[in-house]
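Okay, thanks for coming, everyone. I'd like to walk you through one model today, starting with how its parts sit together and ending on a single residue. Let me put it up.

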Amino acid sequence: MRFIVIANPVAGRGLAQASLPKLEDELKLLGISYDLKLTDSPNHASLLAAQAENYEGIIAVGGDGTINEVVNGMPKDKPLCVVPLGTGNDLARSLKIPFGLESLKTITQGKIKAINMGLENEGLFVSSVALGLASDVMQRVNSKRNHRLIRGSLAIYLDIVASAFGLKPLTLRIEADDKVREVKSILTYVMNTPYTGGGLFLAPKANPTDHLLDVVIVRDTKGFEILKLLPGVYSGKHVNHPHVEFLRAKNVTITSLEPAPKMIDGEIKGYTPLKASVSTENLLVYQPS
Ligand SMILES: [Mg+2]
């Protein structure tokens with residue numbers, strides 16, 4: 001069996017690049033033959049993934065943004081091995097795939113299992129689409145991607161603090177199947193996986209195999225209230241908070257009074273309206289058995 005390895009060298013602010021020699025050692029150790037391709041521009045991972053037809057499967061090395069590109073380009077009858085070496089790694093966290101090179105063992109010791117993908121106007125997503133604070137935070141994270149000392153969840157938390165005070169709540173109309181909400185929201189998510197934002201357990205009941213999307217709406221609050229709410233989100237304690245509402249639906253349409261940027265799997269892509277559903281195609285992922 002021969003795999004195509006698609007690696008984003010700048011993922012995790014260079015963590016992926018630094019891991020490449022060990023990655024190749026580990027593949028040889030596991031007896032997995034491979035062709036290694038490095039991405040060098042936006043959407044390059046999608047183009048490389050489209051060439052996977054003649055391979056056993058795809059190994060994607062990077063964060064959720066890299067996985068998103070690979071998923072959008074790859075043939076859906078091929079299995080995907082996720083090697084989480086990015087900033088957020090929320091798909092891996094949600095599927096209990098080990099971080100780093102340990103994840104390669106899911107090919108030899110794990111199982112191929114199907115999960116749902118979300119389909120949005122901008123393309124497929126694996127983890128989440130978000131409006132408001134999430135997009136603002138991601139813009140802050142991305143602008144500092146190559147020159148910061150603090151990594152991962154803490155880095156994202158500090159950016160959330162800045163956004164919680166600086167951002168104006170969005171005026172949204174949310175249609176989730178037959179349920180309609182008109183809200184002022186600083187933070188609204190459409191989730192396929194329970195985790196987002198580098199470890200936020202935002203939709204604890206989201207299940208990427210139930211063919212439904214989970215909508216999380218944080219309404220009528222900002223600033224200190226958001227910061228008080230946030231620590232609990234890492235452990236899912238926010239579920240009974242009076243300003244947080246959960247909806248579950250097959251189809252979700254969100255319009256905004258003013259155009260708002262969408263954050264899709266950790267990258268900013270396009271503006272509202274947000275229109276999401278569960279894709280009719282599944283994604284095959286190597287997961288621990
Ligand atoms: Mg679901």
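So, the centres of domain 1 and domain 2, taken over C-alpha atoms, are 26 Å apart. Quick caveat: this is a predicted model, where local features need pLDDT of at least 70, side-chain atom pairs count only at pLDDT 80 or more, and totals for chains, interfaces and linings use all residues. Numbering runs from 1 along each chain as its sequence is written.

Domain 1 covers 2–109 and domain 2 covers 125–279, with bounds from an automatic or database domain assignment. Across the boundary, 13 residues of domain 1 are in contact with 20 residues of domain 2; contact means C-beta atoms, placed from the backbone, within 7 Å.

Which elements give two or more residues to domain 1's side? Those are α3 (64–73) and α4 (90–95), and α3 gives the most, with 5 residues. Helices here are DSSP runs of H or I, at least four residues, and strands are E runs of at least two, numbered from the N terminus.

On to Tyr-55, in the loop between α2 (44–49) and β3 (57–62). Beyond its neighbours within four places in sequence, Tyr-55 is in contact with Arg-2, Phe-3, Ile-4 and Lys-78. And Pro-79, 24 residues along the chain from Tyr-55, has its C-alpha 9.8 Å from that of Tyr-55.

Key
Two residues are in contact if their C-beta atoms, placed from the backbone, lie within 7 Å.
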